[in-house]
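Subject: Structure for you to look at

Dear colleague,

Here is the structure we spoke about. My notes on it follow below.

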Amino acid sequence: MKYLLNVSTLKYDPDKCTGCGRCAEVCPHGVFEVQDRKATVTDSDLCMECGACMQNCAFGAIEVRTGVGCAAAIINQMLTGELSCDCGPKNGGGPASCC
Amino acid sequence: MVEPGLYAVGVPGPDSDVLVSANYKLSFDHLRDAIKGMDVWVLVLDTRGINVWCAAGKGTFSTGEMVNRINLCKLDSLVSHSRIIVPQLGAVGVSARDVKKATGFRVHYGPVYAADIRKYIEAGYKAEPSMRRVRFGLWDRLVLTPMEIIPAMKFFPWFALVVLLMFGLRPEGIMFRDALAGGLPVLTLGLMAILSGALLTPLLLPFVPFRAFALKGYLMGLAATWLGTGLFPGDVHWSVLAASWIWFPLASSYVALQFTGSTTFTGMSGVDRELRAGLPFYLGGTAVSALLLIVNLVVEWRAL
């Protein structure tokens, strides 16, 4: 399944890439692929902005605005100015749905 | 919750693999099932009982906690290698480079699902592309629907109160017979709208047209409203019909939009865009519908 087109804030600078492959390793949607010691973006519309690639790129080649893609959290932010997602369990037990 | 720390599964030695997990009981149980019969170390981080992905997003499954736990458990004195296998979805909160810098251990991101961990290790710490993809099948969606249905049902009594008032209020007080006669079909439609947005839209997600969850929910809400207004009494005033056609598809849409918080493929920028586009409709539609119900009330009073 693919979400809205052309909304992802993923930015990738191939000049900084060393082809280590960490981004392809961590992305749960196969957004990155390494060919000839360089990462390439296969389809940025598959990006869910989780930020795993940016977090694990040691060379600062990836930038993405991350956050919980959760309507409740964004409404919270509009009302209180604080981006928080309280839909998970507060004291353990029960599955946490969000994030 | 599982106590954070280092666990021995089977009879691990200095060469055995180290698997990292969260202290959410289900995550830990899944992992334990997947590694039955193997000799490995399991390093359980303190994520306050939350699963790996959520905890990574919230910052409890993190570089800091991993470094801290590795040091607390004196992992370097137990194993002779420098390999730790971290669930791929934990990567959101972990910087492999920083873990290496702080502890000397090299993070290998394992597969998304614990069930693939044995294959991953046997293949020499290599995951096939399919093991790196997060899935979101019918069953995954179904088990998450209570997280949408329950909050929506918490709102329902307030909705019911307003509806019953709007149909039962008379100059002499509240007439329960009128409240029920006029209100019950509307309440039924309300339940249908909740089910449409919180259950049917998530279940049928790949098959409902449009990418935007708000539009998917709206479409399903239109179908629910069509079915539900069929139950209305024949002499229902046009204002009630109009309010229903305006409000219930929007309600279904709003509820469906909440499901973005549970999916594995929606990002914040998209949800943000949907909300900004949708809010004027949600708020405006609610105001217009409330006015229409007042129109109905006035019409009924004049007929008395």
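Across all chains, a search of the whole structure gives 10 salt bridges, a salt bridge being a side-chain nitrogen of Lys or Arg within 4 Å of a carboxyl oxygen of Asp or Glu. This is a predicted model, in which local features need pLDDT of at least 70 and side-chain atom pairs count only at pLDDT 80 or more, while totals for chains, interfaces and linings use all residues. Residues are numbered from 1 along each chain as its sequence is written, chains are lettered from A and ligands numbered from 1 in the order in which they are written, and side-chain values use heavy atoms, with hydrogens and water left out.

Chain A

One of the salt bridges joins A:Asp43 to A:Lys2, at 2.7 Å from N to O. A:Asp43 sits in the loop between β3 (38-41) and α2 (52-56) of chain A and A:Lys2 in the segment before β1 (11-12), so this pair ties together parts 41 residues apart in sequence. Helices here are DSSP runs of H or I with at least four residues, strands are runs of E with at least two, and both are numbered from the N terminus. A:Lys2 is partly exposed, at 31% relative accessibility; buried means under 20% relative accessible area, exposed over 50%, and partly exposed in between, with a 1.4 Å probe and protein chains only.

A:Arg22 and A:Glu25 also form a salt bridge, at 3.2 Å from N to O. The two are 3 residues apart in helix α1 (residues 22-26) of chain A, which puts about one helical turn between them. A:Arg22 is buried, with a relative accessible area of 10%, and A:Glu25 is buried too, with 18%.

Chain B

In chain B, the side chains of B:Lys36 and B:Asp33 meet in a salt bridge of 3.5 Å, N to O. B:Lys36 is exposed, its relative accessible area being 56%. Salt bridges with shared partners also link B:Lys25, B:Asp29 and B:Arg32 into one network.

As for the chain overall, chain B has 12 helices and 7 strands. Its C-alpha atoms fill a box of roughly 90 × 35 × 35 Å along the principal axes. Of the 304 residues in chain B, 53% are buried. Contacts (heavy atoms within 4.5 Å) were also sorted by sequence separation: among those in chain B between residues at least 6 apart, 68% join residues at least 24 apart.

Regards
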